[in-house]
Amino acid sequence: MNGLEPGVTAAGDAGTITPRDALVAPAARLRGSLTLPGDKSISHRALMLAMLARGESRIARAGDGGDVRSSAAIAAALGATVERSLNDDGTADYRVVSPGADGLRQPATTLDCGNSGTSLRLFAGILAGLPLTSVLDGDESLRRRPVARIIEPLRSMGAVLRARDGDSRPPLTVVGRSPLRGIDHVARVPSAQVKSAILLAGLRAEGWTSVSESVATRDHTERMLRARGVPVRRDVAPDGAVKVGLEGGADVQAIDERVPGDVSAAAFWLVAGSIHPDAQLTIAGVGLNPTRRAIVDLLRAMGAVIDERANGRKGSSEDDGVGEPAADLTVRSAELRAIDVGPADVAAAIDEIPILCLAATQARGTTRIRGAGELRHKESDRIAGIAAGLAALGARISVDGDDITIDGPTPLRGAATDSLDDHRLAMTFAVAGLIATGSTAVARSSSAAVSYPAFFVDLERIGS
Ligand code: S3P
């Protein structure tokens, strides 16, 4: 991603040039250490909460992909001063100075979320409670993503929202209202984006706002609000259902935060290191929040050898429910075996299912992934995309409704794959290319830059 988003000032920006399409050759061995982009989910939220807090917030080591940049530009368009400086390892430090939620201004133009569903859903929740009229829009892929799931609850809180195609797709117009009414929302599909949109609206509502989910989704919004002085309650039922809630009216305080490495980016190296026959990779400072680390535990259940260390000791750094636990991970080649992945695992590893499918092609036995329908509503229809790409590489993969079945191990042979302009598919097919015979073409691979601009640089370094 080169260039500047409107309203964001930047320093030290060398940029990363990613070719539109990539050709990946098999690697004889994989070795090296990697630092990751800052966690994308946390980076978005840190920028949004900095915009809601009056005063100065500093964010260290945020992700610098296109998605996070979209959120930074939107915070600037709403009246925060946003300065970005790029670090040598590709992460970004931000300084945000904001007048606070009550001082934000009417945006002059459409708010461009680019490819980022998180920007669209979470800003919609914020804007619902501000006395402004705004339009959230994005690229072709974002315009296909569902918004009824946030329109319904935000409307019942008192905001006015409209979208294309019978209120189902962006662009999304939000006419905010202050104050909103608190609601008790029961989520139909587990979604951290929907939960977060409602909690962020709840900050500006009278009374109590809660969201109940059948399984726990990532809880960064809850942790980050607590860290900024907003009490958030979380109740877990014996069956795993979770209810989170907050009382409206609390001020979000400006704080400084350091973003851990993105475990969803780490997942590509964890799988590469596991399925390659001669591999040892170390990944520094990976965020291992309990609601995000499912991919590490699923891979271990498949037999992956992943060493986890923090501060010289086995395991992750401490989890106090406010900060974000992290660890350095080392992965070595392993013999994998198939597993059953149920709907709760799918929700917990929602962004990692494509790369998990690649791991399953190299695992002994039949891996079944059930209830993966939400994958059809991501940056692309990921069920169709992963099945087409892995089948082209020779994998034995079949789809029945929202269930995926993969038989392994199957040697992969290089072929033409298409990322469908979806970053997670682009990176999955590129990792497949490291173990396939011949060369693997990944069409529209530059989509990787929305979450991991240096992915192909890192891929080349560890494989050479
Ligand atoms: C995200 C939540 C997930 C995930 C997305 C980021 C977030 O979406 O797929 O990449 O930051 O809250 P859903 O919660 O809608 O499944």
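Predicted model: local features only at pLDDT ≥ 70, side-chain atom pairs only at ≥ 80, totals over all residues.
Trainee: Start with the ligand. Which residues are around it?

Mentor: Ser41, Arg45, Thr118, Ser191, Ala192, Gln193, Arg218, Ile350, Asp351 and Lys378.

Trainee: How does that shell divide into nonpolar, polar and charged?

Mentor: Two of its residues are nonpolar, four are polar and four are charged.

Trainee: Where does the ligand sit?

Mentor: In the largest pocket.

Trainee: Which elements give two or more residues to the shell?

Mentor: Helix H1, residues 40–52, and helix H6, residues 192–202.

Trainee: Now the backbone contacts. What lies 2.6 Å from a ligand oxygen on the backbone side?

Mentor: A backbone N or O atom of Ala192. Gln193 also brings a backbone N or O atom to a ligand oxygen, at 3.2 Å.

Trainee: And side chains? Which one has an N or O atom 2.6 Å from an oxygen of the ligand?

Mentor: Asp351. An N or O atom of the Asp351 side chain is at that distance from a ligand oxygen.

Trainee: How much of the ligand's accessible area does the protein cover?

Mentor: On its own, the ligand has 380 Å² of accessible area. The protein covers 95% of that.

Trainee: Change of topic. Where is Arg293?

Mentor: Arg293 is in the loop between strand S18 (279–287) and helix H9 (294–301).

Trainee: Buried or exposed?

Mentor: Arg293 is buried, because its relative accessible area is 14% and the cut-off is under 20%.

Trainee: What does its side chain contact?

Mentor: The side chain of Glu308. The two side chains make a polar contact of 2.9 Å.

Trainee: On to Ser445. Which loop holds it?

Mentor: The one between strand S28, residues 440–443, and helix H14, residues 455–463.

Trainee: Is Ser445 buried or exposed?

Mentor: Ser445 has 0% relative accessibility, so it counts as buried.

Trainee: How far is Ser445 from Leu299?

Mentor: Their C-alpha atoms are separated by 25 Å. Along the chain, Ser445 and Leu299 are 146 residues apart.

Trainee: What about Arg444? What is its phi?

Mentor: Phi of Arg444 is positive, about 60 degrees, although the residue is not a glycine. Most residues other than glycine have a negative phi.

Trainee: Where is Arg444, and how accessible is it?

Mentor: Arg444 lies in the loop between S28 and H14. Its relative accessibility is 29%, so Arg444 counts as partly exposed.

Trainee: Buried or exposed?

Mentor: Asp165 counts as exposed, because its relative accessibility is 52% and the cut-off is over 50%.

Trainee: Last topic, peptide bonds. Is the one from Ser178 to Pro179 cis or trans?

Mentor: The bond from Ser178 to Pro179 is cis, with omega near 0 degrees. Most peptide bonds are trans.

Trainee: Where does Pro179 lie?

Mentor: In the loop between strand S10 (169–175) and strand S11 (180–181).

Trainee: And from Gly408 to Pro409, cis or trans?

Mentor: The bond from Gly408 to Pro409 is cis, and its omega is near -5 degrees. Pro409 is found in the loop that runs between strand S26 (403–408) and strand S27 (416–418).

Terms used
Residues numbered from 1 in each chain as written. Heavy atoms only, no water. Near = heavy atom within 4 Å. Polar contact = N/O pair within 3.5 Å; in protein donor to acceptor, adjacent residues only side chain to side chain. Areas by Shrake-Rupley, 256 points an atom, 1.4 Å probe, with all protein chains shown as cover. 1 Å grid on protein atoms, 1.4 Å probe; cavity = no way out; pocket = protein on both sides within 12 Å on 5 of 7 lines; lining within 4 Å. Sits in = over half its atoms within 2 Å of the grid points. Helix = DSSP H or I, 4+ residues; strand = E, 2+ residues; numbered from the N terminus. Nonpolar A, V, L, I, M, F, W, Y, C, P; charged D, E, K, R; others polar. Buried < 20%, exposed > 50% of the residue type's maximum accessible area, 1.4 Å probe, protein only.
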